[in-house]
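Hi,

Here is the structure I promised to pass on to you. Please open it alongside this message, and then read on for what turned up.

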Amino acid sequence: MAERSFAREVEKLRLGAGEEFAGEGILAITKALLQCGVGYVGGYQGAPISHLMDVLADAQDILGELGVHFEASASEATATAMLAASVHYPIRGAATFKSTVGTNVASDALANLASGGVTGGALIIVGEDYGEGSSIMQERSHAFAMKSQVWLLDPRPNLPSIVKAVEDGFELSEVSNTPVMLQVRIRCCHVHGHFIAKDNKRPPMTVADALDAPRRDTGRIVLPPASFLHEKEKVQKRWPAAVDFIARNKINEFFGSDHGSVGIVMQGGMYNSVIRALQRLGLADTYGETDVPLYVLNAVYPLIDDEFLSFCEGKQAVLVVEEGQPNYIEQAFAAMLHKAGRGTRLVGKEYLPMAGEYTGQVMLDGIGAFLRAEAPHLLPGEVRAPNKVGDGVDTADLINVVPGRPPGFCIGCPERPIFAATKLIEQELGKHHIASDIGCHLFSIMPPFELGATTMGYGLGPASASAFNSPDAKRRSISFVGDGGFWHNGLTSSIGNAVFNKNDGVIVIVDNFYSAATGGQDILSSRAGNKTKSTKHPITEAVKGMGVKWLRHIDRTYDVGKMQDVLREALTTDEKGPKVIVASSECMLNRQRREKPLVDNAIKGGERVVKPKFGVDEDICTGDHACIRLSGCPSLSVKSLDDPLRDDPVASIDQSCVGCGNCGEVADAAVLCPSFYRADVVHNPSRWDRFLESARRATISLLQRRRESRRLTFADA
Amino acid sequence: MLDAVPPFRARTGAQDDERVIKLAVLAVGGQGGGVLADWITDVAERSGYIAQSTSVAGVAQRTGATIYYVEMARNTGRLPVFALSPSQGDVDILIAAELMEAGRAIIRGFVTPDRTTLIASSHRIAAVSEKIEPGDGRASSSKVNATAEAASKRFIAFDMEKIAADNGSMISASLLGALAGSDALPFARESYEQAIGAGGRGVKASLAAFGAAFDRARGTAAPGPEPAEPAIVESASGAGRVNGPQNLLHGWQTLAARIDLMPLPVRDMALRGLRKVVDYQDIAYGRDYLDRLDKAVALDGADHSHALSIAAAKHLANALCYDDMIRVADLKTRSTRDRRVRKEVGVKDGSVLQVTEYFHPRIQEFCGTLPAGLGSYIENRPKLAAFLDRRINHGRHIRTDSFAGFAALWFIGGLRRWRRRLLRHKVETAHLERWYALALSHVPHDYALAVEILNCRRLIKGYSDTHVRAQSKFDRVLSALDLVKGRADAADWIRRLREAALKDEKGDMLDGALKTVASLSDHSVGGGGGRP
């Protein structure tokens, strides 16, 4: 079950025509899908569209009532391949994933789907993970649209616009027999807003109906000679149909004055930032009313030549606001102007940066510079010749003071002890080549662990170490892969590959029972029962099935000593072939979410409950922080003592500690210091507990009194 | 960088009541920034405003720095165009849920003196980079506070985390209270309270934290008492409470009376040192301490503000109270420790506390706790030592709430009375003598250098391997002594080396600094003391 429950929000999916929907962008998209009569939805979780998957998972009842099939796909390739259901049948289907990483994985299926074309509307909703908050390489989904010739919508970032884009997307897909990608950026996914709902529509043909009346058409299958015909069809039939639809339905929008010497063209997703820059330049009001001519591309691929050329009519200069690189749109527009023999100057990356997010300041600077150069008469005096320069506050010193705060392992994370053990084994056996993978475990590359040299893609950790397999090598490589990546494609690409190629490396599969980094979605090896999914398939069985002979399973990662022993054995054994370690403990974030209410209720209900927490004896801690260098847990921090005899702050554990055990285990395994203690509080103790306690305390305090009466004791000064 | 026009002098001459209010929240993942942003949106919508909030979720929420952004404008029946992220120089209210996040907001340009109300919780959540230094790697809060005053139009800062905790709530509630109390938004207090109430979970505690922070931000509630400056100790014999049998108290009075004879600035540290040493061992050990300290006091004078004596008082005490098994066992079996654990863990009446200790003794610790002769005998026979180590060197989890576990530690703690005869004591005493004599030998010609040598004792800490590494750093720093002594800046160099040694685990920074020192003396032949 996912980290965040949308059980309450999904009720909004039932809103009928005329009612106002209020909520997150992601939820609005889900509602729009149902309003469009979608027949099936699939996808793979990942920011920023994880919540879309979570919402759908929590909305199974509503989907069931409408006859809509939902799948949590095994990968983005699976999700896209699922759209094959729209090839022969007039069923609308949608797939969703994080882009560009998901689109990379999906591209095989996407290219095949795009070649044969679709009958029912096929919509791919990509969460564009670009700019601040992104966790992936900075690329553009635009390139995929161009190479496979699928259409790309990039609507203005407000709820009514993205809901309309979903509706437009399905229609566009159907009239042009082409899958359509709908791109939504990170903040747009999480934007809170309103739109007026329509009734949900039952799909005219459900997947069940299709199964009852199967169809086929060899002409839609990607194999010569059909594939050659597909290519021609794309440019001769589908492209003109798409252009016609976009122009006729006014998908792209014009704002501002009809005439003027300059204009701005932008991706729809950039609209709000452009308006904000114009507002700050004194050229637009709160509601976006402006005199500057604007051409907003809610469809960024294909581009509509006539629309653009008529926009340029009578303009000296036009600025293209296109985030990311290469600047495909700008290049295409430049070619249009050139071929049409127009004199309008086209600028873009001259005023705006070639690479990087278009933040508020970047927009203000870029658009301001463009207007000052091309249309200074538009600008108010203060902007043309500002009086003040800078705000007079010097922040240079502050940059050296404020520490960076990258994401890291959560409180009590079961992956922390795995990397503590790895760090300790490296202290013992020397440095190794370590290949990392995608997932929470990638935080190992950051302090305090600083382990891992590369990350090559989801489930590809061990695959990325496959070159390091030499009979001359004295050391083995170590590679990590999470359970999410393992099922996504690691089983074949990494484990199968290692078995087949007789790789001699060590592979650690980090099994935390969920696809944890994306929000705790269930996967095949999840331990909990799931009403609509089949879980509890052990990773160890799958690994054995792939032919791995040397396999060890650690069912409690917090046992740092054992983890260390197994790693040592894997790195030194004479046995050939891949050495696979499955390290299993439940994601603490999800475990706490699951257990905390149960524990609280049990305590309230008078049940005997033992709650652990760790502590540090501050007079035994010497303030070296070796323990923190093997932990980095948010609940383990430092504090100053009110004692002038002590210079350095001591370790300290705050109330957020969940008693995972890492501190004690690491202190033991690394032979650090005896200042940690574990305090188990027995709530609602049994009569036996109480009897034992009173007997123990009586004898213990006898000893304490005996000693303390014979020495000097100092009350705290 | 282009400057923007002062806000909202829009083309159509928009009225002030149509302006967009921009509010950003910078928080650490897990602090509940999303809850706060939702509340603010709700308050705005309840108050006749249109609001839009956005956030960047994803992995940043895993303990990293996160940002939430809200824009709002009076509902005039038309939809405003809101931006989805804050811009430099264009934020009206910045809420930082932690002090360094306020610093980050300033660096990012989200706080400007012409318009930004900066509301920050003054508490710190140390970043990993701050915590992993072997010394004190924490960032300077005063620098952030000073810049925040200058960089913002209004700076409201107090410990909102504490207010939340005191009221059994989360910081999002006290941040909302501070926002409401600041009057930076044109909304009534009731709207905020209604928004909290609509959340439906932990409402009572949230409202209490909200109210307390509201009052603090308004200035109607007094800030908590400032920590009092430590009183200057005039007379040691009377200060602090000491309990014990009469003969020991008499011995203590005699020792304390000796502190009264010391120069006034030295007394506080000397008394603290004396208490620590007597608490560690006995009255006689305290006498040893004062005898040694007297040597430094005799060489010292008021012209250096008694820096040497104060440093000696501090570091002699720490050196004498080395961390051995006996000390650990003694501290863990005291009744005061039991009470402290119960308080920290929050054991309520009717609950039972079980305490597990983590020990991992090695042959070295074992030998250290043997009589000096026997201990050295074993240590000098590697095969025997290795044989014994295989039997001793295991992690031991000892339950000190059980009688057997407690009694074992109590017994080890009781070895205190024989400590002076044990191997570890012999080793530690020899080390202390060398270090102290070395420091005092420099007093006549370089007083500051002598003080810095004393301060190097700070490097020695930790147990087992950590302790070995610390010793090595200590030795490496002092190895530079021959290179720098005689130079006018010798003391400064030793201080720099010590600080470098505290920067990282292995002492890489220290090695770099030592190379610099070595090159110094290469280039300064004839200047200063030259090379040994």
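Into which domains is chain A divided? There are domain 1 (9-248), domain 2 (253-384), domain 3 (416-587) and domain 4 (608-708). Before going further, please keep in mind that this is a predicted model. Between domain 2 of chain A and domain 4 of chain A, the C-alpha centres are 62 Å apart.

Chain B has its own division: domain 1 (16-218), domain 2 (246-320) and domain 3 (425-523). Taken over C-alpha atoms, the centres of domain 1 of chain B and domain 3 of chain B are separated by 46 Å. There is also a record to mention for this chain. In an unreviewed entry, UniProt places the feature "domain: DUF6537" at residues 266-478 of chain B. Over residues 266-478 of chain B, the chain is 68% helix and 6% strand, and 26 Å lie between the end C-alpha atoms.

**A sheet in chain A**

**Where the chains meet**

The contact between the two chains takes 116 residues from chain A and 125 residues from chain B. On the side of chain B that touches chain A, strand β8 (residues 352-359) of chain B gives the most, with 8 residues. That side of chain B has 56 nonpolar, 36 polar and 33 charged residues.

β8(B) also pairs across the contact: strand β24 (residues 676-683) of chain A and β8(B) are antiparallel, with 6 bridges. Here A:V681 stands opposite B:L353 in β8(B).

**Two helix pairs in chain B**

The axes of helix α9 (residues 246-260) and helix α11 (residues 283-299) of chain B come within 10 Å and cross at roughly 10 degrees. α9(B) and α11(B) are therefore roughly parallel to each other, as angles under 35 degrees count as such. Among the residues that meet are B:W252 and B:L255 in α9(B) and B:I283 and B:L290 in α11(B). This contact of α9(B) with α11(B) divides into 5 nonpolar, 2 polar and 2 charged residues.

The other pair is helix α10 (residues 264-280) and helix α12 (residues 307-320) of chain B, which pack at an angle of about 10 degrees with their axes 8 Å apart. That makes α10(B) roughly parallel to α12(B). The contact includes B:M269, B:V277 and B:Y280 of α10(B), along with B:I310, B:L316 and B:L320 of α12(B). By class, the residues of the contact of α10(B) with α12(B) are 11 nonpolar, 2 polar and 2 charged.

Enjoy exploring it!

Best wishes

Terms used
Residues numbered from 1 in each chain as written. Chains lettered and ligands numbered in written order. Predicted model: local features only at pLDDT ≥ 70, side-chain atom pairs only at ≥ 80, totals over all residues. UniProt positions renumbered as here; feature names shortened; annotations may be inferred. Helix = DSSP H or I, 4+ residues; strand = E, 2+ residues; numbered from the N terminus. Domains from an automatic or database assignment. Contact = placed C-beta atoms within 7 Å. Nonpolar A, V, L, I, M, F, W, Y, C, P; charged D, E, K, R; others polar. Pairing = 2+ DSSP bridges. Axes fitted to C-alpha atoms, helices over the stretch in contact; angles between N-to-C directions. Parallel < 35°, antiparallel > 145°, perpendicular 65-115°, else oblique.
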